[in-house]
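New notebook page, new structure. I want to jot down what I look up as I go.

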Amino acid sequence: MKLIILGAGFGGLKLARMLNNKPGFEILLIDKFNYHQFQPLFYQVATAGLDASNISFPLRKVFQNSKNVRIRIAEVQKIDTVQKMVITSEESYAYDNLVIATGAGTNFFGNKELMEHAFPMKSTVEALQIRHRLIRNFEEALLAGSNEELQRLMNVVVVGGGPTGVELSGAIAEMKKYVLPKDYPELDFSKMNIYLLEGTGKILSALSEASSKQSLNYLQKLGVTVMTGSVLDHYDGKTVQLKDGKQIDSSLVIWAAGIKGNVPAGIDENLIARGNRIKVDRYNKVEGLDSVFAIGDIACMQEEAFVNGHPQVAPVAIQQATLLAKNLQRIFENKDGLQPFSYKDKGVMATVGRNLAVVDIPKPKLHVGGFAAWLIWMMLHLMLILGVKNRFFVFINWLYNYVTYDQSLRLIFKEFYRQDVKH
Ligand SMILES: Cc1cc2nc3c(=O)[nH]c(=O)nc-3n(C[C@H](O)[C@H](O)[C@H](O)COP(=O)(O)OP(=O)(O)OC[C@H]3O[C@@H](n4cnc5c(N)ncnc54)[C@H](O)[C@@H]3O)c2cc1C
């Protein structure tokens, strides 16, 4: 079976690994990057806690000993479901079966101003761009010509009170508390404000009430100004204008308030559900298309408990990939009895800072907060990171940061300084 997998994220990579060296399968794994990205720790790259290479894993290394997985680094441009072809920026490839695992990208909801001036965080490079802007702003603050300019350079606005926004604003608050005043003794850090804007009435709304309240409490203790019910109207690179008329001057706005599926061209728009996700059946088969499957963030599958599709989290992508590998094997062997997908939700969590995290476990229904939750969060993330070396380095980094209250990755590389963002 000539199987093409589009995207080497949590879903695509898992699927390729499951079918690695399986007789009868000829696999082509296509991604625009030559490495797998561990998105849950982007925020630590953005806040100089981890090196980018600790959370990015070269794809070719994973399949060094593979007899049947080939890799192509290319941007998928179009799918031709009639001719059964994938058209990429480099070449075109024919498939017998196709799996779309292209995940989701940032959704700016068409706001061009935001696209130009705000920083998204959906790739390792974007996390590095945030890091460089953050540090660069303090270098510029030393040279600020007026109090207004100084304030603008020292204010940070994070938009979106989901796990990413919470984790990021907590980590920046810890930099403010433990690291930045030592690096910049000439600056008065009581002037640095970190705002977390959330459009709805509470942060971490997908978690339990207890987690939402506890994380708010943690963030406030860390000095983050959490503004719920606050919707950003526009941002010109200097001033955030909220719908309720309030304004915040800031040279760094991080946009963590929306994602949308990376749907390749060639998929009929009738097959697209809310959030730009592709409608699939319980076998991850794209509705109405022969031999085309979709898994992970890009797939919208309805289950009794998830009528609007599953949450866009790594375990869904991994579980769907695992089952699809088994089902593809049955298809290959012409066997009946494909197994329908059912999501096993083992819980959700978010970390706010040192010793501070929240964990919700569905069965038995349990909420854990504080140090215990923080340990659970760390252990689980360490287990999920690909590669023993990466796991080891992340652990050592965390240990070092924990003991010294410091990290040493505050380097500014001009290449990562986003040219198009001016302030
Ligand atoms: C900042 C952040 C923090 C997160 N934290 C957590 C967390 O703590 N826990 C959790 O469970 N989930 C978390 N998530 C969500 C989780 O990362 C996703 O649910 C998961 O990555 C989805 O897996 P996927 O395989 O569907 O897509 P992805 O892992 O996003 O992979 C998609 C792949 O497709 C490639 N691709 C996309 N378009 C193209 C194209 N046109 N051509 C070629 N290649 C393409 C991409 O390069 C990427 O490698 C987080 C996400 C972000 C952004």
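This is a predicted model: local features need pLDDT of at least 70, side-chain atom pairs count only at pLDDT 80 or more; totals for chains, interfaces and linings use all residues.

**Entry 1: around the ligand.** I began by asking how many residues surround the ligand. I got 31, and the closest are Gly7, Gly9, Gly11, Gly103 and Gly296. Next I sorted the shell by residue type, which gave 15 nonpolar, 11 polar and 5 charged residues. Then I checked which helices and strands take part. Helix H1 (10–18), strand S2 (26–31), helix H7 (163–183) and helix H9 (314–332) each supply at least two residues of that shell.

**Entry 2: where the ligand sits.** Which domains give residues to the shell around the ligand? I found that domain 1 (2–32 + 74–106 + 259–332) and domain 2 (112–257 + 355–416) both do, so the ligand lies between them. I wrote out the pieces because both domains are listed here in more than one segment.

Entry 3: I picked out an open sheet of 3 strands, in the order S19-S20-S22, with mixed pairing. Its edge strands are S19 (272–273) and S22 (299–301), each of which pairs on one side only. I zoomed in on S19 and S20: they run antiparallel and are joined by 2 bridges. Across that pair, Ile272 stands opposite Ile278 in S20. A reminder for myself: strands of a sheet pair through backbone hydrogen bonds, either parallel or antiparallel.

**Entry 4: two Asn residues with positive phi.** I looked for positive phi in residues other than glycine and noted Asn21, near 60 degrees, and Asn284, near 65 degrees.

Are they buried or exposed? Asn21 has 13 other C-beta atoms within 10 Å, so I put it down as partly exposed. Asn284 has 28 other C-beta atoms within 10 Å, so this one goes down as buried; the cut-off for buried is 20 or more.

**Entry 5: a cis peptide bond.** Last stop: where is the cis bond I marked? It runs from Lys363 to Pro364, with omega near -5 degrees. I traced Pro364 to the loop between strand S24 (356–361) and strand S25 (366–369).

Key. Residues are numbered from 1 along each chain as its sequence is written. Helices (H or I, at least four residues) and strands (E, at least two) are DSSP runs, numbered from the N terminus. A residue is buried if 20 or more other C-beta atoms lie within 10 Å of its own, exposed if 12 or fewer, and partly exposed in between; C-beta atoms are placed from the backbone. A residue is near a molecule or strand if its C-beta atom, placed from the backbone, lies within 6 Å of it. Ala, Val, Leu, Ile, Met, Phe, Trp, Tyr, Cys and Pro count as nonpolar, Asp, Glu, Lys and Arg as charged, and the others, Gly among them, as polar. Domain bounds come from an automatic or database domain assignment. Two strands pair if DSSP finds at least two bridges between them.
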